[in-house]
Each structure stands twice: as C-alpha cells, then as structure tokens.
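Hi everyone, thanks for having me. Today I'd like to walk you through a protein model and talk about charged side chains.

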Amino acid sequence: MTGNIHFPNLGIYLKNVGQNISVFGFEIAYYGIIIGLGVIAGIFLAAYLAKKSGINPDLIYDFALYEVVFSVIGARLYYVIFSWELYKDNIWSVFNIREGGLAIYGAVIAAVLTAVVYTRVKKIAFWPLVDIGAPALILGQIMGRWGNFFNREAFGGYTDSFFAMQLPLDAVRVGDVTDEMLANKEVIDGITYIQVHPTFLYESLWNLVILGILLLCWKRKKFDGQIFLMYLMGYGVGRFLIEGLRTDSLMIPNTGLRVSQVLALVLVITSAILIFVKIKKKDVDK
C-alpha cells in the first residue's frame with residue numbers, strides 16, 4: 001500500500017504516512033493510539049470540570065471505568081448491526097476492532113445508558129453528570145477523528161475544494177470509491193490518486209467549535225442538562241451535514257437513508273425542543 005497523503009490546494013504533501021507503529025515486534029495501530037489518547041484527554045477534562053462544579057473528581061474516574069468499556073462495546077455493536085453483510089460470513093471478525101469499525105453514535109448511546117444505570121446505583125443526579133461528560137466526549141471525538149486520517153477512511157466524494165485530499169487508490173476500500181472519483185483520478189509519479197472531501201477533518205474542526213461553545217456556556221447554563229443537550233444538538237447539526245458528503249455511510253436496511261443522518265436529525269429536534277421548554281419553564285418560575 002502506498003503511504004502518501006496530499007492536500008494539493010494547501011500545498012501539503014505527506015510521504016509514507018503509516019498506519020501502525022511497531023513496539024517490541026507487536027504492531028499497534030495509530031487509530032487505536034489516537035482513540036486511547038482521546039479517551040484519556042476526555043477523562044481529565046471531565047475530572048477538571050467536576051472539580052470546578054464542586055463534585056469529587058474521583059466520581060468521574062470511577063464512572064469512566066465502566067463508561068469506556070461499554071462505550072467501546074456500544075460503538076462496535078452499532079457498526080456491526082448496520083454493516084452485517086461484512087460480518088455474517090465470519091462472526092469472529094466482529095471482535096477484530098484493530099482495523100476500525102467503531103461508530104460514535106453507538107458509543108454515545110452506550111455512554112448515556114451507562115450513566116443512567118450508574119447514577120441510579122450511586123443515587124446521584126443524572127443531568128449534572130452528563131453535563132460534565134459532554135465536553136469530555138466531544139474532546140475525544142475531536143482527537144479520535146484523526147484515527148480516520150491514518151486509516152484512510154471516513155472521507156467524502158470527489159471535490160477540488162480548498163481542503164481537497166488526495167489518497168492513493170490502493171490505500172482505500174474499494175466500496176468507498178465512487179465513479180466520479182475514478183473519473184477524476186490523477187496519476188502522480190506512477191501512483192494513482194483519488195481526490196476527496198476530508199470529512200474527518202470537517203467534523204474534527206466542527207467539534208472544536210462546539211467544544212468552545214460548550215465551555216463558554218458552562219458557567220452560564222440555566223438548568224442541569226443544558227450542556228449535554230447543546231452537545232447533542234450542535235454535534236447533530238454538523239454530523240447531519242457532513243454525513244451527506246461521505247461515501248461510507250451506514251444505511252438503514254432496505255432504505256436509502258443514512259443511519260447517522262436520521263439519528264442526528266431526531267436528536268437535534270428533540271434537544272432543541274427540550275432546551276426551549278426548560279428555559280421557558282425556568283423563566284416562568286422566576
């Protein structure tokens with residue numbers, strides 16, 4: 001596989017970008033390393049916000065032990081369910097996550113369910129906990145999307161825009177390549193490249209903006225749960241728009257609908273309604 005990645009309109013030409021690092025003869029994927037770093041960064045941010053909120057950070061570390069495990073399981077199950085054709089003939093491949101195959105919405109759903117159970121068992125409030133978790137979660141997403149960069153995945157269709165990215169044809173999954181990409185392929189130094197939207201980059205930058213908004217609103221929130229609902233709404237808007245560019249979207253079986261777009265739209269509308277109702281109620285109670 002050719003390891004070059006280009007951003008021609010930015011004048012950036014990266015050579016021999018690997019996917020793995022060898023440690024004592026054992027291959028570790030950059031994808032996994034980046035996901036791991038994102039999780040650690042998110043936990044530390046959550047602990048910091050908990051301390052600022054007068055909550056014992058040890059509660060966050062304790063919750064994280066469960067949340068991380070179940071989020072990974074949820075992310076994998078979500079992906080496998082909507083990509084069953086890839087796994088039905090080899091069940092054991094379901095457990096091979098070293099090559100990717102995790103869906104963030106599956107992780108979010110699992111994290112929320114874990115929080116529901118955890119707060120009930122510990123007899124603590126649910127909404128303040130997820131308010132703390134929302135900025136931490138999106139920080140992990142900002143970092144985690146760069147795992148897609150190293151895996152040469154989660155890209156969009158053909159473009160010649162400012163951020164256009166060139167990938168060697170032999171480095172990507174055949175199913176992610178469209179006819180338009182092939183019609184506009186380019187041969188450079190004997191290597192065939194396709195040119196695509198770097199949707200992983202778009203989402204990472206969008207999430208960075210959302211993180212900034214969440215942190216700015218942190219001390220100004222009007223009710224518990226507002227930060228979490230703002231996360232669902234803000235991330236959902238970006239995901240709905242960006243998902244439409246991708247060529248590897250998970251689809252609802254027997255429909256032409258993208259799973260993430262449908263779920264994002266539902267969460268955006270639901271979150272917006274809840275925020276409006278809760279703020280209205282807060283104003284009435286004054």
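Let's begin at Ser 260, which you'll find in helix α9, residues 259-285. Is Ser 260 buried or exposed? Ser 260 counts as buried, because its relative accessibility is 5% and the cut-off for buried is under 20%. Its side chain makes a polar contact with the side chain of Arg 239, at 3.2 Å. Please keep in mind that this is a predicted model.

Now for the salt bridges. How many does a search of the whole structure find? The search finds eleven. One of them pairs Arg 145 with Glu 203, and their closest N and O atoms are 3.1 Å apart. Arg 145 sits in helix α5 and Glu 203 in helix α7, so this pair ties together parts that are 58 residues apart in sequence. Arg 145 is buried at 12% relative accessibility, and Glu 203 is buried too, at 2%.

Another salt bridge joins Asp 176 and Arg 173, at 3.0 Å from N to O. Here Asp 176 is buried, at 6%, while Arg 173 is partly exposed, at 38%.

Then there is Asp 224 with Lys 221, a salt bridge of 3.5 Å. Salt bridges that share partners also build one network, whose members include Arg 145, Arg 173, Asp 176, Glu 203 and Arg 239. Arg 239, remember, is the contact partner of Ser 260.

Finally, let's go to the surface. Lys 51, Lys 52, Lys 219 and Arg 220 form a positive patch there. Lys 52 belongs to helix α1 and is exposed, with a relative accessible area of 56%.

How values were computed
Residues are numbered from 1 along each chain as its sequence is written. This is a predicted model: local features need pLDDT of at least 70, side-chain atom pairs count only at pLDDT 80 or more; totals for chains, interfaces and linings use all residues. Side-chain values use heavy atoms; hydrogens and water are left out. Patches are made of residues with over 30% relative accessible area and no salt bridge: like charges are joined within 9 Å, nonpolar side chains (Val, Leu, Ile, Met, Phe, Trp, Tyr) within 5 Å. Accessible areas come from the Shrake-Rupley method with a 1.4 Å probe; for residues, only the protein chains shown count as cover. A salt bridge is a side-chain nitrogen of Lys or Arg within 4 Å of a carboxyl oxygen of Asp or Glu. Lys and Arg count as positive and Asp and Glu as negative; His and the chain ends are not counted. The place of a charge is taken as NZ of Lys, CZ of Arg, CG of Asp or CD of Glu. Helices (H or I, at least four residues) and strands (E, at least two) are DSSP runs, numbered from the N terminus. Buried means under 20% relative accessible area, exposed over 50%, partly exposed in between (1.4 Å probe, protein chains only). A polar contact is a pair of N or O atoms within 3.5 Å; within protein, one must be able to donate a hydrogen and the other to accept it, and residues adjacent in sequence count only if both atoms are side-chain atoms.
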